[in-house]
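Please look over the chain shown below before reading on. The report that follows takes up a covalent link, a helix with its neighbours, and a pair of packed helices.

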Amino acid sequence: MSNRNIPSRNLSPTVRRRLDALLRRGPIRRLSSVASRLDIPVWIVGGALRDALDGREPVEIDVAAIGCEPLARAMEAAGAGRAVLLSEASPRVYRIAAKTEIDCADVEGGSIRADLARRDFTVNAMAWNLRDGSWLDPYGGAKDLSRRRLRLLSEANLRDDPLRALRAARFIASHRLIADRKTRRAARAVAPLLAGVAPERIRVELVKLLAAPRVAEALELALSTGLLEPALGMPLRGRIGMAAIHRLDRARIRRAAPPDRLRLRLALLAERLRLSPANAARWLSARRFSREEAGEVALLLELADRARRVATPREEWGWVRDSGPRRALALAFLALSESPRSPYRRLARLRPAGKNLRVTGSDILSWLGIAPGPRVGALLREVEIEAMKGAVRSRPAARRWLIENPGLATDDAGSGDRPRNTARSPAKRGSNRNI
């Protein structure tokens, strides 16, 4: 371990260039100015340094300071954001809430070196002194990062917070790091303790992990060390193995946007765990996923189940209509599903015709002279299906079709086919009341 700060001039040109880019950011320049005026020692630490060295755009800025409260208050007074106390427990953490958020934690242990010694991995145990521009890397984090190596500081630090073991898996997914043997051994030792960690905290790590482009290596670590079961909060009973894990890295998922990657992977895990849509929603809600996330995963499972039961061309078009804006994601899930009877090809070939036709329930009441009731919604659904097929292309044509086919929809027409919103997801709906 190094016993002294490293002058910035001794850093490699690449590291120096990346750090300079970080230091030129407006929020950090203002923070440095305010800290200098108040004579408060401040160090940039954690993810911002790690990501800057890795050539990534830092998504958050963490700093350690000897005096976070006066620094945060002064930043607020200077118009740099609102000072919000996030944690009163040691170390106290203040957030300077602005377009770019800065989280400031009080230095633990009386010195920045003692503070770094309490952290999880070497790549997170680096600090940059805003006052004198010196670089502190006592555990060789920069070298480990350049070698793609994830190395823990001590098993005791993992035991202090077992979530750090799951964070190791997340860094494998999000930063393409490789855990060394000691880190894997320590993760296995603390895995049983993960069950005692708050689900809200576990969810944060799972979201970052499952939204990454590739997750197989990370989940292999979680599975082999016993972390995956307490992380999911669900008995696995051998239902999830390496074959199922590698399915989560299919090209169709990797090409998706991060929020869709998350939903597809959660749905595939729920399917592998043999959860019904309702049980999947309850499982994710218990793990503190949002109502929208739980609802959309349940919806994917429900749409897939219904798709496997379509038997006629009209039912196929009914599925297309009811899947609404989630059709592409539902088709992707069908293509990835392990079901031997996937109707993906039949449903994917259907292309709705033209633009949306504007027909309302009031139109149907007026055109057919019927009383309000469930039949109105059922007829509206049927005419929308005809419009998607291209058989009805205008409002006059819709009126004629309804007059010629008044008995096609009964009071409960289509109700057995339409997917239920199991978790009351606030996801956007289609042109009617469905999906």
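Which residue does a disulfide join to Cys68?

## The disulfide

In this predicted model, a disulfide joins Cys68 to Cys104, with an S to S distance of 2.1 Å, and the structure holds one such link. The pair connects distant parts of the chain, since Cys68 lies in helix H4 (residues 68-77) and Cys104 in strand S5 (residues 102-106), 36 residues apart. The angle about the S-S bond is -85°, and the link of Cys68 and Cys104 is left-handed.

Are the two cysteines buried or exposed? Cys68 has a relative accessible area of 0% and is buried, while Cys104, at 1% relative accessibility, also counts as buried because the cut-off for that class is under 20%.

## The chain as a whole

The chain has 435 residues, of which 51% count as buried, and it contains 23 helices and nine strands. Among contacts between residues at least 6 apart in sequence, 68% join residues that are at least 24 apart.

Which residues of helix H11 are buried? In this helix, which spans residues 216-224, they are Ala216, Ala218, Leu219, Leu221 and Ala222. An α-helix has 3.6 residues a turn, so residues three or four places apart point the same way.

The buried residues of H11 pack against helix H8 (163-175), helix H9 (181-190) and helix H10 (199-210), and also against helix H12 (228-232) and helix H13 (242-247). H11 is followed by Gly226, a residue whose phi is positive, near 85°.

## The packing of H15 and H17

Two packed helices are described by the angle between their axes and by the distance between those axes. For helix H15 (residues 258-272) and helix H17 (residues 291-307), the angle is about 60° and the axes are 9 Å apart. H15 is therefore oblique to H17, because an angle of this kind falls between the limits of under 35 degrees for roughly parallel and 65 to 115 for roughly perpendicular. The crossing of H15 and H17 is right-handed.

On the H15 side, the residues that take part are Leu262, Arg263, Leu264, Leu266, Ala267, Ala270 and Glu271, and they meet Glu292, Glu293, Glu296, Val297, Leu300 and Leu301 in H17. Sorted by class, the contact of H15 with H17 has eight nonpolar and five charged residues, with no polar ones.

Note on methods
Residues are numbered from 1 along each chain as its sequence is written. This is a predicted model: local features need pLDDT of at least 70, side-chain atom pairs count only at pLDDT 80 or more; totals for chains, interfaces and linings use all residues. Side-chain values use heavy atoms; hydrogens and water are left out. Buried means under 20% relative accessible area, exposed over 50%, partly exposed in between (1.4 Å probe, protein chains only). Helices (H or I, at least four residues) and strands (E, at least two) are DSSP runs, numbered from the N terminus. Contact means heavy atoms within 4.5 Å. A disulfide is a pair of cysteine sulfur atoms within 2.5 Å. Axes are lines fitted to C-alpha atoms, for helices over the stretch in contact, and angles run from 0 to 180 degrees between N-to-C directions. Angles under 35 degrees count as roughly parallel, over 145 as roughly antiparallel, 65 to 115 as roughly perpendicular and the rest as oblique. A crossing is left-handed if the near helix is turned anticlockwise from the far one by less than a right angle, and right-handed if clockwise. Ala, Val, Leu, Ile, Met, Phe, Trp, Tyr, Cys and Pro count as nonpolar, Asp, Glu, Lys and Arg as charged, and the others, Gly among them, as polar.
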